[in-house]
Amino acid sequence: EISNTLIAEKMEDPYITIFVGDSYGVNMSTHDGWVQKYVDSYGLTLGADAINVCVGNSGFSDPYGGTNTYENNLQTATENIDKTKVKKIIVAGGYNDRAKTYSQLVPLVESFMNYVKANFPNAKIYVGMIGNDGAVDSRRGTQVNYREWIIQQVLPAYKETEKFGAYYLNGVELVMHDYSLFDSYDYVHPKNEGVIELAKAIHQAENGSYNPIFTSLYDGISLRNNTTGYTKSDL
């Protein structure tokens, strides 16, 4: 005879977890992304009860002006699945939104959240801003300090998802402020130790228990007044 507990478990429809993000969540030639580390560590299987919708160069916005956005990628990847069976959607990224302002990002955040709520009725939505830049000050000839811009503009926009029904993954924005976690080949992507730490932080933050090593977004940061017009004391 099956117990009432087992019957309840059998009758539970939603069971799929979807991961949405950028290249931090994509497996690289040298190591896995944070999604693979997450599913390996916490009892999920990609292609069965987990779907990876992470795509390189994507964000709430497409930095190249195309359709490579979280919303479009989620739509495409889940076109043929039973969306009522999705119990959790985890969104984590941020670096590719670095060229947008807070006010430009918020409508995109709202659009994404409206799409998710309308199409995944049983899903809890978790959002974390995990992007940072491993290089010091401006890079690639631009006059933007990406580290500072991500703190000022991108992070607050990601946190706005809470207003639209998501749970923000508190503290995950601090993981990549340990600059030893960046891969030295480009100082943009996390190395193996970085994606391991991101997966752990995201999982722990879901459960309200993540305690980051760093306590300030300005740990290890270097600001240039001549490129941004801001000083640390202004922020």
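The model is predicted, so local features need pLDDT of at least 70 and side-chain atom pairs count only at pLDDT 80 or more, while totals for chains, interfaces and linings use all residues. Residues are numbered from 1 along each chain as its sequence is written, and side-chain values use heavy atoms, with hydrogens and water left out.

Begin by selecting helix α3, residues 70-77, where Y70, E71, N73 and L74 are buried. Buried means under 20% relative accessible area (1.4 Å probe, protein chains only); helices (H or I, at least four residues) and strands (E, at least two) are DSSP runs, numbered from the N terminus. Viewed down the axis of α3, the buried residues fall within an arc of 170° (taken from the directions from the helix axis to the C-beta atoms), so they line one face of the helix.

Next, select F19 and Y38. Their ring centres are 5.0 Å apart and their planes stand at 70°, so the pair is edge-to-face; rings of Phe, Tyr and Trp (its six-membered ring) pair if their centres lie within 6.5 Å, and planes over 60 degrees apart count as edge-to-face. F19 belongs to strand β1 and Y38 to helix α2. F19 has a relative accessible area of 0%, and Y38 one of 2%.

Then select F60 and F112, with centres 5.6 Å apart and planes at 80°. F60 lies in the loop between β2 and α3, F112 in helix α4, and both are buried.

Finally, select R98: its charged end sits over the ring of Y146, 5.1 Å from the centre. The charged end of R147 sits over the ring of Y179, 3.9 Å from its centre. Here, CZ of Arg must be within 6 Å of the ring centre and within 35 degrees of the ring normal.

Conventions. Buried < 20%, exposed > 50% of the residue type's maximum accessible area, 1.4 Å probe, protein only. Phe/Tyr/Trp six-rings, centres within 6.5 Å; stacked < 30°, edge-to-face > 60°.
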